[in-house]
Amino acid sequence: MAEPYTITNPPLVCWSCHDRTLGTHFCSSCGKLVQLRGGIDYFTLFEMPRKLWVELPALEKKFLQLSWKLHPDNFVSASEQERELSLQHSSELNDAYRTLRDPVARLEYLLGIEGMRKEGEHKQQAPPELLEEVFELNESLEELREAKASGGDLAGLQTRLQAAEKSFQAQLGEVDARLQSAAREWDAAFDAKADEGARKKLLSRMNELLNRRSYIRNLVTNVQKELQ
Amino acid sequence: MARIVGIDLGTTNSLVAYFDPQTGRPQCIPGPHGSTLCPSVVSLDPDGSIIVGEPARRRLLTQSERSIYSVKRLMGRGPGDVQDELKLFPFRIDPASQNVIRVRLGERVFTPPEISAFILRELKNWAEAHFGEAVERAVITVPAYFNDAQRQATKDAGRIAGLEVLRLVNEPTAAALAYGLHERQRGKVAVYDLGGGTFDISVLKLISTGEGDIYQVLATNGDTHLGGDDIDNLLQAQVREEILRLHQVDFAKSADSVQELRKELIRVKHELSAVDRATLRFPLAGGAVYAREFTRAALDALIAPVVERTMKPVRQALADAQLQPTEMDEVVLVGGTTRTPLIRETVEKFFGRKPHVELNPDEVVALGAAVQADILARGVKNMLLLDVAPLSLGIETYGGAVAKIIPRNSTIPASAQELYTTGVDNQTGIDIHVVQGERELAKDCRSLARFTLKVPPAPAGLPRIEVKFLIDANGILQVAAKDLRTGEQHTVEVQPSYGLNDAEVERMLEESIEYAEQDFAERQLIEARTEAESILTATAKALAAVPDAQLAGGEREKIDANVAALQAAAAGSDYKLVRARIDELNQATTHLAELMMNSALSTALEGRRLAEV
């Protein structure tokens with residue numbers, strides 16, 4: 001993911017008619033595609049509030065409408081500059097749709113533009129209360145690998161790992177539930193125009209939960225891979 | 001706007017089609033042999049000229065060392081990739097091949113894009129002969145599961161053939177377009193496309209909006225080295241083993257008879273799609289004859305593993321689209337190999353519905369390409385195609401792992417930005433390795449490109465370079481870099497791991513133009529001379545049959561003068577002059593042609609030319 005976007009959105013001077021223009025995609029003056037605006041985030045692109053509950057059919061509808069206008073197919077016979085701009089606009093649109101459509105990517109993106117996810121910060125460390133369980137899991141995984149290599153008896157280890165997988169799956173479900181409730185709180189705070197402090201607190205809680213989620217998910221994936 | 005054609009550059013056959021505004025339907029263009037299929041075979045004549053299509057296919061039997069088929073299997077691949085292929089296909093790879101394979105035909109070597117360009121140029125000629133005007137722009141189809149290098153190689157082939165490739169369209173998506181136009185389908189569609197050498201499965205959603213129809217690809221998967229060729233190879237291996245065992249004849253020693261046997265086995269395979277039994281009688285060196293009866297049941301048992309191999313990508317594509325087989329509203333079969341009954345049965349059973357086979361599975365992809373060409377040509381559209389990237393794009397990170405930056409099945413164009421900085425003071429370059437694939441280690445993925453990002457000297461960690469990776473609407477990667485401190489755009493020279501660079505493509509284009517101009521004039525001359533010959537013969541015949549008395553005064557002299565002029569032109573080498581003289585003689589003999597016919601017919605045939613009577 002890129003740098004967190006800043007919300008400065010100065011009016012552009014259109015490359016084609018040289019008028020000042022405010023359009024997101026097309027010049028309000030001459031109708032040509034405008035240069036990509038770095039300051040526009042995905043929510044703004046879809047004319048949506050920065051909330052985590054998204055009405056998927058409405059999102060899709062907007063995506064298709066914008067695709068219809070921005071897709072490079074429309075500009076095959078246009079100037080090279082317009083072809084390039086359509087490529088930039090339509091790829092941004094597709095990236096935005098791909099991100100907002102998926103609840104986890106959406107949250108991650110929101111945390112990014114709210115300045116919560118700085119580079120390197122989401123390097124995953126085991127949540128302290130999980131340490132013991134993770135330690136046991138890694139041991140079992142190691143034993144399984146050794147048993148596989150030496151042709152030893154696998155059945156007992158596999159049963160143990162399957163139990164561990166189940167336990168982590170359950171924790172994953174729990175994290176997801178907590179994330180959903182935090183997301184609802186975020187949306188309510190947004191509607192209530194809550195103050196900066198309350199917002200920051202929610203964001204940091206969601207950030208923590210998201211890190212925990214991806215950590216557990218990795219564990220589950222690793223176990224599944226070894227069990228296959 | 002000039003015409004844009006749609007081209008299906010296939011493993012076994014290639015086709016060219018256009019959208020006919022009169023009928024509102026796409027249509028394939030036949031070649032000089034009357035068929036719309038151009039066998040994807042290229043042969044180098046001992047005189048140095050290139051032969052393409054049906055005549056080249058015949059040369060597989062007599063001049064196998066100078067001929068090549070299924071070159072699509074080599075597109076965008078390196079010598080190390082094709083070792084398995086070499087056991088099964090008679091490709092003569094030049095040992096000096098580096099990143100790009102070079103194939104030997106007789107005394108010359110060509111790259112796969114050059115060989116494909118010969119096929120494209122042949123189809124371009126078909127289209128030009130059909131329209132009577134130059135054709136310079138095309139939409140070309142590629143297997144949906146083609147990676148970046150294979151797509152780039154296809155685009156290069158187009159350029160070498162003198163075509164501006166406006167878009168590469170995925171084959172199953174093209175087929176869906178053709179079917180959509182044909183059947184006005186709606187809802188969720190699965191396209192199962194098994195061709196000569198490639199397999200694709202695509203899951204699409206067809207949406208009607210106020211502005212028009214949108215074809216949105218939800219997921220795609222496949223295998224770019226799986227197709228009818230594999231069935232042929234299985235049959236061949238079985239039969240060669242039997243012949244060796246029963247008759248002690250080893251085919252490894254004779255390339256020409258291998259091709260003869262391959263041709264016969266393909267016939268047997270095709271017959272078994274229609275009937276339950278087929279026989280083969282194959283005379284061997286030394287007078288013995290190998291005779292055998294094949295049953296469909298035995299063929300089915302032999303090819304079951306090939307059919308099963310297609311089902312894994314099918315399941316993956318559905319899982320990626322988050323759909324169950326029974327949720328599909330339509331299933332479409334594409335590609336000649338789907339004529340095989342076992343495949344039809346397997347697909348029908350899996351999806352629980354009868355697949356569509358109404359359109360000719362050989363032609364449907366080219367027809368769809370023509371529809372897309374029409375959309376691009378008209379600018380104002382009533383249809384939009386949203387396709388996806390078949391493979392995840394990633395960059396190699398610390399320890400050889402891959403960080404996925406654009407996941408597979410992302411709608412294209414798609415992009416991702418990555419921020420880079422330096423690790424040591426005054427570091428001047430950052431090495432970046434871009435790969436494509438789903439595996440976790442870079443060495444298990446397909447290497448697309450390596451490049452070094454230039455960085456102005458500065459303390460470690462201070463430079464901030466943003467690299468933008470963008471997959472365009474053709475599924476081809478573009479890279480741009482921006483120095484965030486200065487706002488300066490860097491150009492990134494990306495050397496493809498398995499492709500031609502621009503200079504090489506340019507040189508091949510120049511070479512091919514020299515050939516092409518010569519070729520074109522020569523071909524036109526041969527055609528004009530043939531036509532001249534037939535009108536001269538017809539005129540002589542008519543003059544002998546019709547008494548001079550029936551001719552008007554001076555008519556005979558006029559015809560004689562035109563005949564002499566045409567003979568003189570045909571002896572020269574200016575095809576345009578020959579055409580002009582043909583027209584003049586046709587004019588001069590209109591009355592003579594009428595006299596040739598009895599009065600009852602003459603009204604019906606009025607205005608016909610002499611050669612047609």
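Is B:Phe118 buried or exposed? B:Phe118 is buried, with a relative accessible area of 14%, and under 20% is what it takes to count as buried. Keep in mind that this is a predicted model.

**A sheet in chain B**

- Let's start with the strands: three of them make an open, antiparallel sheet in chain B, and their order is β6-β5-β7.
- The edges belong to β6 (50–52) and β7 (67–69) of chain B, each of which pairs on one side only.
- Going from one strand to the next, the twist averages 20°.
- Strand β5 of chain B covers residues 41–44, and its antiparallel pairing with β6(B) runs over three bridges.
- If you want a spot to look at, find B:Val42, which stands opposite B:Val52 in β6(B).
- As for what holds such strands together, pairing in a sheet goes through backbone hydrogen bonds.

- A:Cys14 has the sulfur of A:Cys30 as its nearest cysteine sulfur, 3.7 Å away, and is in no disulfide.
- B:Cys38 is in no disulfide either, and its nearest cysteine sulfur, that of B:Cys28, is 12 Å away.
- B:Cys38 is buried too, with a relative accessible area of 0%.

**Aromatic rings**

- Over all chains, a search of the whole structure turns up eight aromatic pairs.
- One of them is A:Phe46 with A:Tyr97: the ring centres are 6.4 Å apart and the planes sit at 35°, so this pair is tilted.
- That pair links distant parts of the chain, 51 residues apart. A:Phe46 is in the loop between α1 (42–45) and α2 (56–70) of chain A, while A:Tyr97 is in helix α3 (residues 80–101) of chain A.
- Both A:Phe46 and A:Tyr97 are buried.
- Back to B:Phe118: its ring and that of B:Phe110 have centres 5.4 Å apart and planes at 85°, so they meet edge-to-face.
- B:Phe110 is buried as well, with a relative accessible area of 1%.
- In chain A, ring pairs also join A:Tyr42, A:Phe43 and A:Tyr109 into a cluster.

**Charges over rings**

- B:Arg262 has its charged end over the ring of B:Tyr69, 3.6 Å from the ring centre.
- B:Lys72 has its charged end over the ring of B:Phe146, 6.0 Å from the centre.

**Two buried residues in chain B**

- B:Lys269 is found in helix α7 (residues 255–274) of chain B, and its relative accessible area of 11% makes it buried.
- Leaving out residues up to four places away in sequence, B:Lys269 touches B:Gly228, B:Ile231, B:Asp232 and B:Leu235.
- B:Pro172 is in helix α5 (residues 171–183) of chain B, and counts as buried at 0% relative accessibility.
- The contacts of B:Pro172, not counting residues up to four places away in sequence, are B:Ala144, B:Val191, B:Asp193, B:Asp200 and B:Ser202.
- B:Pro172 and B:Thr141 are 31 residues apart in sequence, and their C-alpha atoms are 9.1 Å apart in space.

Definitions and conventions. Residues numbered from 1 in each chain as written. Chains lettered and ligands numbered in written order. Predicted model: local features only at pLDDT ≥ 70, side-chain atom pairs only at ≥ 80, totals over all residues. Heavy atoms only, no water. Pairing = 2+ DSSP bridges. Helix = DSSP H or I, 4+ residues; strand = E, 2+ residues; numbered from the N terminus. Axes fitted to C-alpha atoms, helices over the stretch in contact; angles between N-to-C directions. Disulfide = S-S within 2.5 Å. Buried < 20%, exposed > 50% of the residue type's maximum accessible area, 1.4 Å probe, protein only. Contact = heavy atoms within 4.5 Å. Phe/Tyr/Trp six-rings, centres within 6.5 Å; stacked < 30°, edge-to-face > 60°. Lys NZ or Arg CZ within 6 Å of the ring centre and 35° of its normal.
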